[in-house]
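Entries follow in the order I checked them.

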Amino acid sequence: MTYLKSVINKLAKAATVAAVAFTVVGCVGNPYDEDVSDRGGRNDVISVGDSIFDLNGVIQETLEANMGQEFRDYTQSGAEITGGLIATSVTNQYRDARATNPNINVVLADGGGNDILIPATLLDPYGCRTQWYRWWPSNACYNLLEDTVLLGIDLMNEMDADGVQDIVWLGYYNLPRGNSNLNSILNTGGDWLNYACETATTASCSFIDTRGTVPASQVEGDDIHPTPAGSINLAGQIWPVFSTKL
């Protein structure tokens, strides 16, 4: 925990307000829904993130059914925290939402998975996958993770500076079967983002830790994305926190 705090404190000091998607190739499941008020929805509530939300859309649908209202959906499969060629980044999703309607009070988000998974899938240049000859991710992978967490802190602080009242950040669950050798670095990322959400940003931020809660039977055959049942499971974990922010 001491090392964890030192890493997060370093990242928090470096963060500037200005500043798992778990898919390498994926289409956008949901187009931007930029105005839901004409259907009695909440324009001041938005979702941003990657394919954990976007690929089947069931998390959003389940939460909206619980609310009895729609809210704006900006998630895209393949999104990284910032940058990226596959999809609009999580940071730019948020900025697009604000450009359309800056009255944003609640943000439901995830992110960072693609920042790790895409290079790990493409030859693993950072050494993020554990192997029989490498029991722990490499130092280069931990450096990549620090950079990713820093970008997440930047985004949280940008939201806070814009007047967002509440952030609910969904953490990644453990990957089963063929991708289980990425769980070590994803678990570390979960610890760091959880701590950052609680301490490194001045916004009200709640982290949903889903590790150990999604069985392999609720993960698609790609060993990455939730099945519809898995998405309902995740929505059930989000709702008790999310509902108190509405």
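I count a residue as buried under 20% relative accessible area, as exposed over 50% and as partly exposed in between, with a 1.4 Å probe and protein chains only. Helices (H or I, at least four residues) and strands (E, at least two) are DSSP runs numbered from the N terminus.

I note that this is a predicted model, in which local features need pLDDT of at least 70, side-chain atom pairs count only at pLDDT 80 or more, and totals for chains, interfaces and linings use all residues. Residues are numbered from 1 along each chain as its sequence is written, and side-chain values use heavy atoms, with hydrogens and water left out.

Overall: I find eight helices and five strands, in the order α-β-α-α-β-α-β-α-α-β-α-β-α from the N terminus. Of the 246 residues, 56% are buried.

Helix H3: I looked up residues 58-67 and found seven of the 10 buried, so H3 is largely enclosed by the rest of the structure. The buried ones are Val58, Ile59, Gln60, Thr62, Leu63, Glu64 and Met67. They pack against elements including strand S1 (42-48), strand S3 (106-109) and helix H8 (228-242).

Helix pair: H5 (residues 113-121) and H6 (residues 139-161) pack at about 150°, axes 9 Å apart; axes are lines fitted to C-alpha atoms over the stretch in contact, and angles run from 0 to 180 degrees between N-to-C directions. In contact (heavy atoms within 4.5 Å) are Asp115, Ile116 and Pro119 of H5 with Leu144, Leu145 and Thr148 of H6.
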